[in-house]
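Open your viewer and follow the stops below. Each one gives a selection and then what is there.

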Amino acid sequence: VIETCAASRYLAAGRETELFRRAYERKVPVMLLGPTGCGKTRFVEHMAGELRRPLVTITCHDDLTTADLVGRHLIRGGDVEWRDGPLTAAVRRGAICYLDEIVEARPDTLAMLHSLADHRRALYLERLGEELVAPHDFMLVASYNPRPGTSVKELKPALRQRFATIRLDYLPADQEAGVVAAESGAPVPIARRLVECAAVLRAAAERDPYTRFDPPSTRSIVAAAAVIAGGTPLDDAVEAFLVAPLTTDPAVTHAIRAVVAAALPGNGERPADGPNR
Ligand SMILES: Nc1ncnc2c1ncn2[C@@H]1O[C@H](COP(=O)(O)OP(=O)(O)OP(=O)(O)O)[C@@H](O)[C@H]1O
Ligand SMILES: [Mg+2]
């Protein structure tokens, strides 16, 4: 469980800020869909700051139980004492509760979210025989990365349809380059070159379903730009963050390198103004 409060820098690509705000006002939970590293977590952090609500992030995994979320009785020096789980605590405080990677949780664990995610806004604490109705300020947010055509899990419709869905994607090139430069401290021309390279890889990943790989995310570009700002040669940064992490298949890596070489001609040379300024 991670707790954050500070407002985060977030550049909106569309109307997601407005949609989120409206959902918050209407007490509708929000589901964020989008590829890895496109800004889902950053967006939620930003909105929590904007709405001045504490943010409780729960990273879902398949060992997560209802008790992990809701709470359990603990034995303390001979006494039995109830301890709220992070979800219950978030409801009581009127926080924004963010269930990251919600598909990773088992359906039987997620089933108890149904009453909280619809008009009832209630969490049933079975062990306490208590029904906790969420205060006005409480909001449920969840996210995952749907990958149709792969073996990645999906949510049950009964849960998915209780949420208002906002789709996020990588920013348009100009804006992405701006974010990369601001986040990494690298000069804008470097950020632009990296974004261009990522764009070519994203197009290639979409074009060629047989060599399926997940193209580089904004996070990877920021990481590459940051090490370049720190003095790493462009080539090495591109290899480490934009090429090597995409697949473990040597043949596909080879093909990706060829795509990158075509996208970044003269990649071996440094740009005239040097990468460190
Ligand atoms: N719109 C944006 N505004 C500002 N920064 C962004 C934006 N999109 C991406 N970033 C940058 O990309 C990084 C990764 O974004 P974030 O962690 O929010 O991705 P994510 O969608 O939650 O990924 P994952 O699904 O892997 O958890 C951020 O730390 C930030 O540096
Ligand atoms: Mg995230």
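## Stop 1: the second largest pocket

Select T66, A67, V70, G71, W82, M112, S115, L123, Y124, L125, E126 and R127: these residues line the second largest pocket. Here is how the terms work. On a 1 Å grid over the protein atoms alone, a pocket is an open set of points with protein on both sides within 12 Å along at least five of seven lines, whereas a cavity is a set where a 1.4 Å probe fits but cannot get out; lining residues have an atom within 4 Å of a point.

The model is predicted: local features need pLDDT of at least 70, side-chain atom pairs count only at pLDDT 80 or more, and totals for chains, interfaces and linings use all residues. Residues are numbered from 1 along each chain as its sequence is written, chains are lettered from A and ligands numbered from 1 in the order in which they are written, and side-chain values use heavy atoms, with hydrogens and water left out.

Stay on this pocket. About 240 Å³ of space lies in it (grid points are joined across faces, edges and corners, and a volume is the space filled by probe spheres set on the points). Colour α3 (66-70) and β7 (122-125): each supplies at least two residues of the lining. Helices (H or I, at least four residues) and strands (E, at least two) are DSSP runs, numbered from the N terminus. By class, the lining has seven nonpolar, three polar and two charged residues. Ala, Val, Leu, Ile, Met, Phe, Trp, Tyr, Cys and Pro count as nonpolar, Asp, Glu, Lys and Arg as charged, and the others, Gly among them, as polar.

## Stop 2: the cavity

Next select K27, V28, P29, L116, A117, R121, F138, M139 and L140, which line the largest cavity. The structure holds one cavity of 30 Å³ or more. About 40 Å³ of space lies in the largest cavity. α6 (114-117) and β9 (139-144) each give its lining at least two residues. That lining has seven nonpolar, no polar and two charged residues.

## Stop 3: the largest pocket

Move to P35, T36, G37, C38 and Y170. Of the 43 residues lining the largest pocket, these lie nearest its centre. The pocket holds about 1200 Å³ of space. Show α2 (40-50), β6 (96-100), α8, α9 (188-207) and α10: each supplies at least two lining residues. The lining divides into 19 nonpolar, nine polar and 15 charged residues.

## Stop 4: ligand 1

What sits in the largest pocket? Ligand 1 does; to sit there, more than half of its atoms must lie within 2 Å of the pocket's grid points. Select the 17 residues around ligand 1, of which L11, T36, G37, K40 and E183 come nearest (a residue is near if one of its heavy atoms lies within 4 Å). This shell has six nonpolar, five polar and six charged residues. α2 gives the most to it, with three residues.

Now zoom in on the oxygen atoms of ligand 1. One is 2.7 Å from a polar backbone atom of G37. A backbone N or O atom of C38 lies 3.2 Å from an oxygen atom of the ligand. In the side chain of T41, an N or O atom is 2.8 Å from a ligand oxygen. Taken alone, ligand 1 exposes 640 Å², and the protein buries 88% of that (accessible areas come from the Shrake-Rupley method with a 1.4 Å probe).

Note on methods: A polar contact is a pair of N or O atoms within 3.5 Å; within protein, one must be able to donate a hydrogen and the other to accept it, and residues adjacent in sequence count only if both atoms are side-chain atoms.
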